[in-house]
Amino acid sequence: MTPALRFDKLAKIYRERGSSKRALNGISFDIEAGEIVGFLGPNGAGKTTAMHVLMDILFPTSGRAEIMGFDSRDPQSRQQVGFLPEIFAFDGFLTGTRFLKLFGSLSGRNQDSVAAHIPELLAFLDMPDAANVRIKNYSKGMTQKIGLAQALIGDPQILILDEPTSGMDPIAKARIKQLFVRLRSQGKTVFLSTHILSDVEDIADRVAIINQGELLAYDRVSSLLAADERGYKIVFTGGAAELWTALSGHTKHTDDRGRMEVTCPDRESKDLALQVILQHGGDIVSLKALGGSLQSQFLRLMHQEGLSDD
């Protein structure tokens with residue numbers, strides 16, 4: 001099946017006045033249709049450069065990027081793409097409605113459909129009263145929302161978003177996360193760059209982590225979290241009198257309901273503790289992996305490679 005997005009040995013070198021800087025060093029990964037993929041890395045890692053190559057704003061030095069099987073330099077590749085750059089400036093004299101009608105017409109979508117969709121979209125973004133207000137009078141958060149709205153107005157199959165929730169309040173960010181999940185349920189693809197790792201952990205299927213133009217990891221969020229397990233907690237009741245003593249070497253305590261808890265640092269000690277509990281007549285209430293976080297995995301990878309200086 002053709003991936004929604006593909007980076008194939010993509011490299012980009014910026015050259016100026018006899019000097020050069022490698023922004024991307026042959027990165028390769030595929031994003032399947034119907035996925036939410038987070039693009040993570042410190043400032044200057046190459047995230048925006050990769051997105052700009054996808055959108056044909058920048059030419060690759062070598063390798064290629066593809067959208068739905070089309071080379072990113074082919075205008076046809078972007079017919080089903082909604083794009084929000086990190087830094088943008090819109091005509092401040094346009095009202096929200098006129099602005100979205102303009103971008104809806106550029107998308108090729110039926111204008112009656114665009115007009116019908118604008119009130120719904122602005123209502124979802126919690127800015128229905130901004131429809132007839134000029135963009136120059138918008139707050140930072142409202143400007144970011146109207147930018148996201150223009151990426152959505154053409155009903156694209158693929159969204160490429162660079163810091164989409166920048167400047168938004170927590171309530172707005174929560175609604176945008178809900179929106180991305182809903183779009184995924186409709187089979188649409190969301191590729192987003194962000195520094196808010198907790199948001200990616202909540203909704204993304206996969207993450208790509210880059211630093212200094214190198215792809216450090218590309219995996220499912222669940223796999224990255226599993227690799228960062230920090231032990232196990234076993235909750236049990238009952239058992240012979242000597243069971244507590246038999247679990248020496250483990251961190252133990254009794255919870256507020258009188259149940260006993262044992263914390264094990266790894267799978268081997270967890271398996272041994274389970275065996276001891278069952279042999280002494282204990283009843284297992286729960287077994288939980290004490291997972292880490294996407295942030296801890298991200299920081300581990302950054303420190304392994306050396307943080308970007310940018």
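## A first look at salt bridges and a helix

In this predicted model, D71 is partly exposed, with a relative accessible area of 24%. The side chains of D71 and R64 meet in a salt bridge, and salt bridges with shared partners join R64, E66 and D71 into one network.

Ten salt bridges turn up across the whole structure. Three of them are set out here.

| Salt bridge | N to O distance |
|---|---|
| D71 and R64 | 3.3 Å |
| K188 and D155 | 2.3 Å |
| D199 and K177 | 3.4 Å |

K188 sits in the loop between helix 5 and strand 8, and D155 in the loop between helix 4 and strand 7, so their pairing ties together parts that are 33 residues apart in sequence. K188 is buried, with a relative accessible area of 8%, while D155 is partly exposed at 37%. D199 in helix 6 and K177 in helix 5 are 22 residues apart, and both are buried.

Now for helix 2, which runs over residues 96–107 and reaches 17 Å from its first C-alpha to its last, close to the expected 16 Å. Which of its residues are buried? They are G96, T97, F99, L100 and G104. These residues lie on the same side of helix 2 because they cover an arc of only 160° around the axis. Their cover includes helix 3 and helix 4. The face turned away from the buried side carries the exposed residues R98 and L106. Just after helix 2, G108 takes a positive phi of about 90°.

L287 belongs to strand 14 and is partly exposed, at 42% relative accessible area.

Technical notes
Residues numbered from 1 in each chain as written. Predicted model: local features only at pLDDT ≥ 70, side-chain atom pairs only at ≥ 80, totals over all residues. Heavy atoms only, no water. Helix = DSSP H or I, 4+ residues; strand = E, 2+ residues; numbered from the N terminus. Expected span 1.5 Å × (residues − 1). Buried < 20%, exposed > 50% of the residue type's maximum accessible area, 1.4 Å probe, protein only. Arc of directions from axis to C-beta. Contact = heavy atoms within 4.5 Å. Salt bridge = Lys/Arg side-chain N within 4 Å of Asp/Glu carboxyl O.
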